[in-house]
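Please keep the structure in view while going through the numbered points.

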Amino acid sequence: MGLEASHDMILNVMGYDACDGRITFDDDAEKVRIIPPNDPLLPKKILALQNITRKLGGILFMSSYRSTSVHLLGGCNAASNASLGVCNTNGQVFNQNANQVTVHEGLYVSDASLIPCSIGTNPCLTITTLSEHISQHLAEDVLKFKSTVREKECIEHADEKVDSIPKTTKEHENMFSDMVLVKEKMRGFIAGMPCTAHLTMNMNCRDNKGFGPESSVIEDPSSLLKGKVGGYVIFKSVEKEKLFILDGKVDLCAVNSRTPYTQYMHYGLTLASSSGSKYILEGKKVMNPFLLASHAWQESTTMHVTFRKIDNNDGKAHIQHNNSGDELLSLQGELRISIFQLLRSVVGLKGKHRSKFICLLLQSLWRTYILQVPRYIKEDFNSPEVERVPYPPYILHSLNTEDGCTISCKQWKRIPNLWKPQEKIPQYPVLLLNGYSGESYWLPTERRDLVRTLLEEGYDIWLLQPRLHPLHPSNDFNIEDIGKFDIPAVIAKIREVHGPSSRIHVIAHCVGGLAIHIALMGGHVSASKIASLSCTNSSMFFKLTNYALVKMRLPLLPVTMAVLGRNKTLSITDSSKDEFRHSVLKQLARIIPRTERCTSDECEIFSGIFGNAFWHANISKTLHQWLSKQNVTHLPMSGFPHLRKICNAGFVIDAEGKDMYLIHSERMAMPTLYISGGRSLLVTPETSMLGYRYMRLHQPGFQHKRVVMEGYGHSDLLIGEGSYKSVFPHFISHMRMAEGGGRRKGREENVVYREAYYDDNGGSRGFTFFICLIAIFYFFYQFFY
């Protein structure tokens, strides 16, 4: 051995043999006989190796003068008939014991033994391809076998005499006779990848039950609108073969108690591939009574889909995660049915109750879009008291602004945490700025609002209640007054308490974001006093959705201010002391079209004036009751004229309409975070994009981040039930980054952007005039008839 071992060389010659090897069974000796295949090129191979060895001056060692293999193939060769092999081309084992050659039902071979000869290369991919081929046919054979068994059962039951049919069999036949068979073919894209769903729905399945978190509150007009789903889904970007539906349920008239005016069509499908992978496809068609059913066709033919992979190791539907905890596969998209496929589905209806099925479905749509009658009768918002969760104590400060107005702010002191390392305690306090009216951070009914979350992180918190707050309604103010007087007053108070060298984290929502940008870019507050700035659905830019923009450009607001007169504060909860003009205005607000309607009168008035500020499905019932009955008791309208000018301009301007702020970009020297709701019905995600680009262009030395949160609207970014999981961590990480310096490092791109479904109910700008006409017609129809 020694040093000579380094001079050894392995010579390997690859090639094909004659494929004439045989494996037989010797009945007499009861042994398996193996005849190796003949290799006609073996002498030439040996000669070639000898020549190479001679040239190198070495010695040739050979294990034996025969061919060997490290990739053993064959043994259950696939062939066209039983005399040439063991299995057919689908991997089914031949059965020669019968009079005619058949196959053993359910017995398959799916490995390397099917390959009858050497293929000359590594057979790993060949074996895998062969196994996928057999698995596909195996799944199809199982489905055919089940359908054949069902047909035989139906034939056997049909051949039996009526008198001898048991009661259970009659019920079985009645169940099948009451069904309506509906076929749908939907196409679309999931996460940008094409997908096609071939669905076969058996409506009126008697063993079918409601599904989903709100199944207990579904008002079922008829069992014909519920059923089971079969068929398959083609999603080649995930699986090359068909994804067969193992279990599927559908409810074409589902109602959520939080949105009683909205009709849903729920699809819940469990899918499986031939490789054994399992997936869940959840679809939902959302139908809202909006603008005289102008969106009925789009909503009733568009299914919003969530596609997830599940872990089937323990037989339970758990989402698979990687080591970091992220979901391996959770995709979103839309599937649509074309008008041709819809007509084909209607014509192809089967069942003696198909006419009744069509009538019930049309009645449900008529009730949703035209009659607009809530399906959920129980009133959720009339409870006299709201169960409050014990809240940390706070200090209420009274502030006098420079223009002589008296405002207030709340202060929460940090909660000492002995388990938290001293170096991780936050350095600076946090200032919270609300939107136009109402609370977004301090939510007494909820256990996980932003104030509680920041207190747990060790922050001192200040919550400003400016002159537009319901507790301090004013009849003469604009948005500029908040930026010029209210915000400087509270910042001065914070620095008085925490020291003149203390800097402040600012989190602002909607109009609060406009006000803080006015304060900074107008020179009323120095950027040296701000540690970081986080804004939700607002920045120095303010881009509205098309429908909200139409409302702003119509003369609705000037008419409203003229109707209000001198008293520009509108009472929301108490109507007993309303003036006649205020009662007229609230009546007009009730009939203005909105995307989601509500059974709470206060919510109807508020959304009629502002538009839908949140999606009801995202907030809890207790919070909705508190918002409607106790929070927004009065609505000061004085700031609306200035807000209208900002909305029409698309960026912050002063009360006279002059551009006085964007020209001072040097005053925004700080790290920023802009968060938008992906489904906002008021402010589009373009708002945060423009603000982010502005800061990256004019303040490249600081870190800037932009986030678009899918599934969230305008205010439910802060008041939603799941906000503490998905939204609040962005605030905390941004403030920690700012306390670490906040400077941009190298070429790091600090952008977090999530592609989201953007729901602009106003449609494209080309249809603005058409929407305007529909809105005016709807207004006169509701008011006079």
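**Notes on the predicted model**

1. Strand β22 (residues 672–677) is joined to β23 by 6 bridges, and the two strands run parallel. Within this pair, isoleucine 675 has valine 707 of β23 as its bridge partner. Two strands are said to pair if DSSP finds at least two bridges between them. Helices (H or I, at least four residues) and strands (E, at least two) are DSSP runs, numbered from the N terminus. Helix α16 (residues 686–698) packs on the sheet and touches β22 and β23; its direction makes about 170° with that of β23. Contact here means heavy atoms within 4.5 Å. Axes are lines fitted to C-alpha atoms, for helices over the stretch in contact, and angles run from 0 to 180 degrees between N-to-C directions.

2. Residues are numbered from 1 along each chain as its sequence is written, and side-chain values use heavy atoms, with hydrogens and water left out.

3. The protein chain has 20 helices and 23 strands. Of its 785 residues, 47% count as buried, where buried means under 20% relative accessible area, exposed over 50%, and partly exposed in between (1.4 Å probe, protein chains only). Among contacts between residues at least 6 apart in sequence, 68% join residues at least 24 apart.

4. In what order do the 8 strands of the open sheet lie? The order is β14-β15-β17-β16-β18-β19-β22-β23, with mixed pairing. Its edge strands, β14 (395–400) and β23 (704–709), each pair on one side only. On average, neighbouring strands of this sheet are turned by 20° against each other, direction ignored. Helix α8 (residues 479–498) lies across β14, β15 (406–412), β16 (430–433), β17 (461–465), β18 (504–509) and β19 (530–536), and runs at about 155° to β17.

5. Strand β5 (residues 180–190) is joined to strand β6 (residues 193–203) by 11 bridges, and the two run antiparallel. They form a hairpin with 2 residues between them, and alanine 191 in the turn has a positive phi of about 55°. Valine 182 stands opposite methionine 201 in β6. Strand β6 is also joined, by 8 bridges, to the antiparallel strand β7 (residues 226–234), where lysine 228 stands opposite asparagine 202.

6. Strand β5 has a further antiparallel partner, β13 (residues 330–336), to which 4 bridges join it. Glycine 188 stands opposite cysteine 195 in β6 and opposite leucine 335 in β13. In a regular strand the side chains alternate between the two faces of the sheet. The covered face of β5 holds Val180, Val182, Glu184, Met186, Gly188 and Ile190; the uncovered face holds Leu181, Lys183, Lys185, Arg187 and Phe189.

7. Is alanine 548 buried or exposed? At 13% relative accessibility, alanine 548 counts as buried. This residue is found in helix α10 (residues 546–553). Because 7 of its 8 residues are buried, α10 is largely enclosed by the rest of the structure. Not counting residues up to four places away in sequence, alanine 548 touches Leu681 and Leu682. The C-alpha atoms of alanine 548 and leucine 681 are separated by 7.7 Å, although the two residues are 133 apart along the chain.

8. A search of the whole structure finds 4 cavities of 30 Å³ or more. On a 1 Å grid over the protein atoms alone, a cavity is a set of points where a 1.4 Å probe fits but cannot get out, and lining residues have an atom within 4 Å of a point. Grid points are joined across faces, edges and corners, and a volume is the space filled by probe spheres set on the points. The largest cavity has a volume of about 70 Å³. Its lining includes Leu433, Leu464, Ile482 and Val511. Helix α9 (residues 511–521) gives the largest share of that lining, 3 residues.

Key:
This is a predicted model: local features need pLDDT of at least 70, side-chain atom pairs count only at pLDDT 80 or more; totals for chains, interfaces and linings use all residues. On a 1 Å grid over the protein atoms alone, a cavity is a set of points where a 1.4 Å probe fits but cannot get out, and a pocket is an open set with protein on both sides within 12 Å along at least five of seven lines; lining residues have an atom within 4 Å of a point.
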